[in-house]
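Subject: Structure for you to look at

Hello,

Here is the structure you will be working with.

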Amino acid sequence: MSKIRKDTTKSDSLKRKPKIIEKTASRSVILSGILGGVFLVLSIMINGEYFIIFTSDELLWVSLDIIIKVIIILFFFFFMMISIGNYKELTGKPIDFKIILLIFLLSLIQSFRNSTVFSFTFICLLVIVVYFYVVQES
Amino acid sequence: MKKNITRIITLIFITQALLSSAYLIIDSNGTPIQTEVGFGNAPVIDGVIDVTKNEWNSAKKLNVSLFQDLVNQSDGLPIDLWILQADLSINFLVRFDLNDHSSSEYDNEFLGILIADWEDSLNFTDAKIVQFSNISESSMQYLDYYIDDEEYNEDLKSDGEGLANLEGNEIIYEFSIPVENTEGGTEDVELEHGVRFDFEIVFGKSAIYPDGILISNILSIYLEFPPGAHPQPIGELIMSISTIIVFATLGALYVFYIYRITQLKKKIERIRS
């Protein structure tokens with residue numbers, strides 16, 4: 001029998017820590033996934049032009065319409081990146097470039113009906129991806 | 001490396017800013033008023049609304065203004081603009097009031113409809129004008145011009161018709177422009193169903209074109225197929241099918257991803273237990 005008493009509290013907390021991280025990641029996968037889904041539904045309605053927000057041809061409303069469409073797609077991309085990133089982490093593999101490219105394309109394709117929305121979305125997605133890359137590098 | 005990335009991001013932002021400003025400039029050249037048409041029987045072009053025949057009843061009725069400067073729109077002349085599409089013609093009615101309208105000041109008044117070329121927004125190449133030579137005597141003529149680099153040349157063969165009628169201070173201009181007319185030749189813009197065209201309503205007081213044009217406004221009108229004959233244009237059909245395919249695929253992928261999440265959750269719970 002060992003004469004030195006084991007520090008059970010320390011080993012317990014060490015065991016508990018990954019569990020907590022796992023739980024947080026799992027919750028983030030679900031929550032971000034749901035939010036991604038909400039923005040996908042919004043995108044289907046608005047970017048699919050099944051629902052038209054503004055009918056006015058004034059520059060202000062046209063610009064606002066474009067901004068809303070772009071933002072919805074960007075939010076979809078953002079939440080899906082978080083969700084899939086955490087999902088990959090739970091499976092023990094890091095998110096790779098192929099997955100990022102897939103989410104990028106799936107986001108971009110939502111804007112195919114409107115060339116202006118497409119160009120703005122493309123630029124914004126590119127900026128986000130470059131930003132993620134810089135953050136990862138640093 | 002980090003410096004290069006910062007440079008790339010800056011470059012992307014500058015490009016985007018330039019693209020956005022170009023987009024804003026294009027739009028500020030006078031955004032056309034987008035409108036649809038009303039359908040009905042072709043009215044009699046005489047400058048009179050025949051209520052007994054329900055003429056113009058089903059027309060699309062708009063209240064727009066004609067402006068001197070389409071970018072900074074202020075102090076415009078309000079007009080009633082009615083648009084009625086018949087089977088083979090698009091008909092316009094323009095009605096407005098002016099003080100002392102029968103005075104000599106308006107002797108050479110004209111109202112014209114300029115039509116932009118196919119797929120060439122705001123490039124107006126065809127003009128249909130009702131030109132007065134003496135408004136108090138109601139002497140006028142309908143003119144059909146083609147516009148070549150800002151120069152107005154009279155068509156060899158005049159297409160369409162137009163007439164005006166002044167009653168008191170109120171004047172009514174009526175125009176009928178043929179649609180699906182293959183005999184218009186190269187001098188006319190061939191209007192076709194299922195296509196969007198830009199029309200510019202112009203008004204002036206002297207018979208010089210384009211210098212005599214004082215005020216105007218631009219409309220973008222989609223010439224629909226007449227009721228009962230609604231073949232959806234192939235481009236629109238492809239777009240609708242593509243939309244369904246794209247978003248259905250996205251939805252399916254999303255459902256598959258949710259399924260994978262639930263599977264992963266179950267797996268984690270199994271490992272834990």
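**What was found**

Chain A has 4 helices and 0 strands; helices (H or I, at least four residues) and strands (E, at least two) are DSSP runs, numbered from the N terminus. Read from the N terminus on, the elements of chain A run α-α-α-α. This is a predicted model, in which local features need pLDDT of at least 70 and side-chain atom pairs count only at pLDDT 80 or more, while totals for chains, interfaces and linings use all residues. Residues are numbered from 1 along each chain as its sequence is written, and chains are lettered from A and ligands numbered from 1 in the order in which they are written.

**Chain A**

The confidence score is pLDDT, which is the predictor's confidence in each residue, from 0 to 100. Its mean over chain A is 82, and 80% of the residues of chain A reach 70 or more. Within chain A, confidence is lowest in H1(A), with a mean of 77, and highest in helix H3 (residues 97–108), at 91. Where pLDDT is low, the predicted coordinates should not be read in detail.

Of the 138 residues of chain A, 22% count as buried. A residue is buried if 20 or more other C-beta atoms lie within 10 Å of its own, exposed if 12 or fewer, and partly exposed in between, with C-beta atoms placed from the backbone. Among contacts in chain A with a separation of 6 or more, 68% come from residues 24 or more positions apart; two residues are in contact if their C-beta atoms, placed from the backbone, lie within 7 Å.

Because 14 other C-beta atoms lie within 10 Å, Ile34(A) is partly exposed.

Helix H2 (residues 59–91) of chain A has 33 residues, so at 1.5 Å a residue it should span 48 Å, and its end C-alpha atoms are 48 Å apart, which agrees. The expected span of a helix is 1.5 Å times one less than its number of residues. After H2(A) comes Gly92(A), with a positive phi near 90 degrees.

**Chain B**

The secondary structure of chain B comes to 2 helices and 13 strands. Buried residues make up 26% of its 273 residues. Of the contacts in chain B between residues at least 6 apart in sequence, 57% join residues at least 24 apart.

An open sheet is formed by 7 strands of chain B in the order E1-E13-E12-E6-E7-E8-E9, with mixed pairing; two strands pair if DSSP finds at least two bridges between them. Strand E1 (33–35) and strand E9 (151–154) stand at the edges with a single partner strand each, so one side of each is left without a neighbour in the sheet. From one strand to the next, the twist averages 30 degrees. Strand E7 (residues 124–134) and strand E8 (residues 139–148) of chain B pair in the antiparallel sense over 8 bridges, and the bridge partner of Asn134(B) in E8(B) is Ser139(B).

Is strand E11 (residues 170–178) of chain B mostly covered or uncovered? It is mostly covered, as 7 of its 9 residues are buried. Strand E5 (residues 89–97) runs antiparallel to E11(B) and is joined to it by 9 bridges; Ser89(B) stands opposite Pro178(B). Strand E10 (residues 161–167) also pairs with E11(B) in the antiparallel sense, over 7 bridges, and Leu166(B) stands opposite Ile171(B). E10(B) and E11(B) form a hairpin with 2 residues between them, and Gly168(B) in the turn has a positive phi of about 70 degrees.

**The cores**

A nonpolar core is a set of buried Ala, Val, Leu, Ile, Met, Phe, Trp, Tyr and Cys residues joined through C-beta atoms within 7 Å. The largest has 42 residues, of which Val94(B), Ile115(B) and Tyr173(B) touch the most other members. The largest share of this core, 6 residues, comes from E6(B). Not counting residues up to four places away in sequence, Val94(B) touches Ile79(B), Leu81(B), Leu111(B), Tyr173(B) and Ile201(B). A second, separate core of 20 residues includes Phe39(A), Leu40(A), Ile84(A) and Val117(A).

Regards

Definitions and conventions. Axes are lines fitted to C-alpha atoms, for helices over the stretch in contact, and angles run from 0 to 180 degrees between N-to-C directions.
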